[in-house]
Amino acid sequence: MLARDIAIAAVIEADAAQSLREAALLMYRYQVRCLVVTDGRGGRRVPVGMLTAGDLSVATGLRGCDADTTTIASAMSQPAVTCRED
């Protein structure tokens, strides 16, 4: 079995500089529990981490981060672990 056999084509992504509130809205809108976090510096979107619903809960609930001013980069799981489709 190859990675391409189990991968999904539509991945919901968010920029590392977006706020946690924006991330929560994306998760709600698309009914997903995680986002691929990308960094667009240099003109190319590169995966740099993942933000899960758990990461979001810990940041806003346990650590008391402000969802409007805290960036996704400060709460995401990193580094992004990737593989080739083959």
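Predicted model: local features only at pLDDT ≥ 70, side-chain atom pairs only at ≥ 80, totals over all residues.
## Strand pairing and backbone geometry

In strand E3, Met50 is the bridge partner of Val36.

Strand E2 covers residues 34-39 and is joined to E3 by six bridges, the two strands running antiparallel. Another pair is formed where Cys34 stands opposite Thr52 of E3. Strands of a sheet pair through backbone hydrogen bonds, in either a parallel or an antiparallel manner. The whole sheet is open and consists of three strands in the order E1-E2-E3, with mixed pairing. Strand E1 (13-15) and strand E3 (46-52) are the edge strands, since each pairs on one side only. From one strand to the next, the twist averages 35 degrees.

**The hairpin.** E2 and E3 form a hairpin, and six residues lie between the two strands. Gly42 is in this turn and has a positive phi.

**Backbone angles.** Most residues other than glycine have a negative phi, and most peptide bonds are trans. Gln31 is located in the loop between helix H2 (20-30) and E2. Is Gln31 buried or exposed? Gln31 is exposed, because its relative accessible area is 63% and exposed means over 50%. A cis peptide bond joins Gln78 and Pro79, and Pro79 lies in the segment after helix H3 (53-62).

| Site | Angle | Value |
|---|---|---|
| Gly42 | phi | about 85 degrees |
| Gln78 and Pro79 | omega | about 0 degrees |

Note on methods
Residues numbered from 1 in each chain as written. Heavy atoms only, no water. Pairing = 2+ DSSP bridges. Helix = DSSP H or I, 4+ residues; strand = E, 2+ residues; numbered from the N terminus. Axes fitted to C-alpha atoms, helices over the stretch in contact; angles between N-to-C directions. Buried < 20%, exposed > 50% of the residue type's maximum accessible area, 1.4 Å probe, protein only.
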